[in-house]
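Please read the following briefing beside the sequence and the coordinates. The points are grouped by topic.

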Amino acid sequence: RHAQPSRDAATARWTRLRTGRTFAWPAASALRWTAGALPSPHHDVKVFAYEYASGGGFAGRPLVAGLAREGDLMLRALLDDLSLLPGIQILASRDGRLPPLSSIETITPAPGEDGFALFARGVAACDAAWPTAPETDGILERLAHETLRQGRTLLGCRPAAVQVATSKRATAHALRAARVPVVPTFALSDG
């Protein structure tokens, strides 16, 4: 089990985030803050924490218990970390078939609302979004696009990075192009 970050360390990271400097949390390669990317440091920033399996991604479909349990663990870890940061409000989404989250503002799918519509609604209510979702079937890439389409700050990888990371072969090619050593990677069609 990882040690809980100290409030001082979390405050230092958040200060760097709010002042426009590049920082190493959560993914320095994917995030670079510019002036105006986040609201003024003089008021709270509202972050939408979305985890696909436990947060409504299966709305209208059977809930996969194992995925919901694992997703819930990821979401709770993120909420624990975000709660250490000063000047932040948190909104999370929750599949209504799961136990509610305590002490966190939460939205649940409305009747007939799918996971993507729920995500869009949550993003619209916040300044920034932190989506956690499978890369398969373009789910995470779609959530990242929606966050940017709404003009909100994406706390995660840009859609193009997600698209590359979805494919082990494309990732190997991108790393090789950046002169990072990789193991030989081939598709079955390469013969």
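Arg142 is placed over the face of Phe116, 3.6 Å from the ring centre; a charge is taken to sit over a ring if NZ of Lys or CZ of Arg is within 6 Å of the ring centre and within 35 degrees of the ring normal. This is a predicted model, in which local features need pLDDT of at least 70 and side-chain atom pairs count only at pLDDT 80 or more, while totals for chains, interfaces and linings use all residues. Residues are numbered from 1 along each chain as its sequence is written, and side-chain values use heavy atoms, with hydrogens and water left out.

**Aromatic pairs**

- The structure contains four aromatic pairs, where rings of Phe, Tyr and Trp (its six-membered ring) pair if their centres lie within 6.5 Å, and planes under 30 degrees apart count as stacked, over 60 as edge-to-face and the rest as tilted.
- One of them is the tilted pair of Phe48 and Phe119, with 5.7 Å centre to centre and 45° between the planes.
- This pair links distant parts of the chain, since Phe48 belongs to strand β1 (residues 45-51) and Phe119 to helix α3 (residues 115-124), 71 residues apart; helices (H or I, at least four residues) and strands (E, at least two) are DSSP runs, numbered from the N terminus.
- Phe48 is buried at a relative accessible area of 0%, and Phe119 is likewise buried at 0% relative accessibility, where buried means under 20% relative accessible area, exposed over 50% and partly exposed in between (1.4 Å probe, protein chains only).
- Tyr50 and Phe119 form an edge-to-face pair, with 5.0 Å centre to centre and 70° between the planes.
- That pair, too, links distant parts of the chain, with Tyr50 in strand β1 and Phe119 in helix α3, 69 residues apart.

**Surroundings of Ser93**

- Ser93 lies in strand β2 (residues 88-93) and is buried, with a relative accessible area of 0%.
- A polar atom of the Ser93 side chain lies 2.8 Å from the backbone oxygen of Gly55; a polar contact is a pair of N or O atoms within 3.5 Å, and within protein one must be able to donate a hydrogen and the other to accept it, with residues adjacent in sequence counting only if both atoms are side-chain atoms.
- Leaving out residues up to four places away in sequence, Ser93 touches several residues, including Phe48, Tyr50, Gly55 and Leu118, where contact means heavy atoms within 4.5 Å.

**Helix α3**

- Asp114 caps the N-terminal end of α3, with a side-chain oxygen 3.1 Å from the backbone nitrogen of Phe116.
- Within α3, Gly115, Leu118, Phe119, Ala120, Gly122 and Val123 are buried, and the buried residues of this helix pack against β1, β2, β3 (105-107), β4 and α4.

**Positive phi values**

- Most residues other than glycine have a negative phi.
- Asp137, which is not a glycine, has a positive phi of about 60°; Asp137 lies in the loop between β4 (128-132) and α4 (139-149) and is exposed at 75% relative accessibility.
- Arg179 has a positive phi near 65°; Arg179 lies in the segment after α6 (168-177) and is exposed, with a relative accessible area of 78%.

**Packing of α5 and α6**

- Helix α5 (residues 159-166) and α6 pack at an angle of about 110°, with their axes 5 Å apart.
- The two helices α5 and α6 are therefore roughly perpendicular to each other.
- Val164, Ala165 and Thr166 of α5 meet Lys168, Ala170, Thr171 and Ala174 of α6.
- Axes are lines fitted to C-alpha atoms, for helices over the stretch in contact, and angles run from 0 to 180 degrees between N-to-C directions; under 35 degrees counts as roughly parallel, over 145 as roughly antiparallel, 65 to 115 as roughly perpendicular and the rest as oblique.
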